[in-house]
Amino acid sequence: FATRQRKVRALAEAAAASVNGRAVIDDDLLDEVTALVEWPVPVLGGIEARYLELPAEVLITTIQNNQKYFPVKDAQGRLLPYFITFSNLDSTRPDTVREGNERVVRPRLADAEFFWNLDRRRTLESRAEELGQVTFQKTLGSLLDKNERVRHLAQIIAERLGFDGAAADRAARLAKADLLTAMVGEFPELQGIMGRYYALAEGEPVAIAMAIEEQYLPRVSGGALPETDTGRVLALAEKLDTLAGIFSAGLIPTGDKDPYALRRAALGAIRIIIESGLELDVPELLDAALGQFRHAFDAGKTRELVHNFMLERLRGYCLDRGYRPDEFEAVLAVWPASLVDFERRLGAVRAFRHLPEAESLAAANKRIRNILRKAGEAVVANVDDAELSEPAEKALLEAVRDARE
């Protein structure tokens with residue numbers, strides 16, 4: 001398999017080079033093609049140049065995801081009107097094989113072109129109200145209900161961070177409208193991406209168009225994060241609303257069952273906050289999110305469940321970044337509300353443990369804790385100066401008071 005895989009890659013690259021391009025080789029697709037052919041023979045096919053006017057993601061989705069072909073780009077990263085597929089034999093009529101593959105892909109590209117032209121006859125704004133006809137979750141209402149909750153939460157987050165609240169509100173208003181377009185109906189994996197293209201075509205500001213796509217980031221573990229302020233706000237509001245809502249409806253993930261991708265949402269929210277340096281009070285935002293639901297549930301208990309769920313994801317995130325379990329537990333013991341502050345404290349604990357004094361200080365602290373536990377009485381915090389007689393006692397008390405200040 002490995003030998004054949006290397007051969008498929010080399011042949012694809014050679015075929016692309018023959019038209020002064022480079023093959024776009026997705027690792028998963030490479031695995032699939034390698035498994036589909038026993039005797040790989042490259043076939044370089046072409047598409048009509050007019051289809052290059054479509055968004056590149058549409059062409060790549062059609063060529064790569066649906067047809068299992070490799071797209072071809074030029075040195076600047078622009079798509080070329082070619083694709084590479086693989087035959088499982090050396091045909092005596094290679095042109096017929098090529099023409100057959102071109103004939104298969106042509107109707108799909110024609111459909112995509114039709115959807116692109118059809119969708120642009122209506123604005124995203126005109127579709128937004130129709131989201132009320134699409135159920136998000138039976139307890140939580142429609143996609144329009146979710147949209148309105150996300151708008152409110154986005155305003156709160158933008159205000160806390162000093163970002164543009166009007167831009168966040170507009171992006172949230174249009175965020176889900178592309179779900180009702182023909183293109184996303186045919187290619188669901190293009191949600192958000194098509195929203196960006198349609199928003200730009202309608203003259204929306206770049207920041208708002210980008211945020212519509214960035215609300216879904218990161219799409220995979222370790223994937224790219226939103227790069228714009230409005231995108232960060234929208235992505236965070238979207239994820240916190242989903243977490244709060246699904247937990248409030250009692251649909252907590254169990255085992256490997258997570259139909260609403262709550263683990264991915266929690267980890268995504270954590271990464272956005274920490275890696276973007278957003279100083280936010282997470283419990284406060286969860287309270288704001290939960291306060292928008294009108295069905296019966298225990299808000300306090302749900303907030304605790306969601307927060308603990310996020311902290312479990314935070315644990316894995318921190319351990320993956322090289323922190324030790326006891327370092328994480330040390331910071332968790334003081335429950336900082338800000339995840340940025342949480343990471344700073346982790347760094348401080350790690351730095352402390354490398355100091356030469358760390359071991360003796362930790363041992364002294366453990367000894368004191370054991371003494372207090374065995375005492376069996378409540379410790380009085382106030383000291384009567386008159387009870388002290390030794391100079392060392394008085395000096396110690398004075399030093400403690402100075403340290404407290």
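Strands β3 and β4 (residues 79-87) sit side by side in the antiparallel sense, held by 3 bridges. Here strands (E, at least two residues) and helices (H or I, at least four residues) are DSSP runs, numbered from the N terminus, and two strands pair if DSSP finds at least two bridges between them. Everything comes from a predicted model, in which local features need pLDDT of at least 70 and side-chain atom pairs count only at pLDDT 80 or more, while totals for chains, interfaces and linings use all residues. Residues are numbered from 1 along each chain as its sequence is written, and side-chain values use heavy atoms, with hydrogens and water left out.

Staying with that pair, Pro71 stands opposite Phe83 in β4. The two strands make a hairpin with 5 residues between them, and Gly77 in the turn has a positive phi of about 90°. In a regular strand, side chains alternate between the two faces of the sheet. Strand β3 (residues 70-73) has Phe70 and Val72 pointing one way and Pro71 and Lys73 the other way, and all are buried. Buried means under 20% relative accessible area, exposed means over 50%, and partly exposed lies in between (1.4 Å probe, protein chains only).

Strand β1 (residues 22-23) is joined to β3 by 2 bridges, with Arg22 opposite Lys73.

As a whole, the protein has 18 helices and 6 strands. Its radius of gyration, taken over C-alpha atoms, is 29 Å, well over the 22 Å that the globule rule (2.2 Å times the number of residues to the power 0.38) gives for 405 residues, so the protein is more spread out than a compact globule. The C-alpha trace spans about 105 × 55 × 35 Å along its principal axes. Of the 405 residues, 44% count as buried. Counting contacts (heavy atoms within 4.5 Å) with a separation of 6 or more, 66% are between residues 24 or more positions apart.

Among the helices, α7 (residues 165-174) has 7 of its 10 residues buried, so it is largely enclosed by the rest of the structure. The buried ones are Gly165, Ala167, Ala168, Ala171, Ala172, Arg173 and Leu174. Their cover includes α5 (124-128), α6 (143-161), α10 (206-214) and α11 (229-248).

Ser221 is in the loop between α10 and α11 and is exposed, with a relative accessible area of 71%. Ser221 and Leu267 are 46 residues apart in sequence, yet 8.2 Å apart in space, C-alpha to C-alpha. Asp287 sits in helix α13 (residues 282-290) and, at 40% relative accessibility, counts as partly exposed. From Asp287 to Ala244 there are 43 residues in sequence and 8.8 Å in space, again C-alpha to C-alpha.
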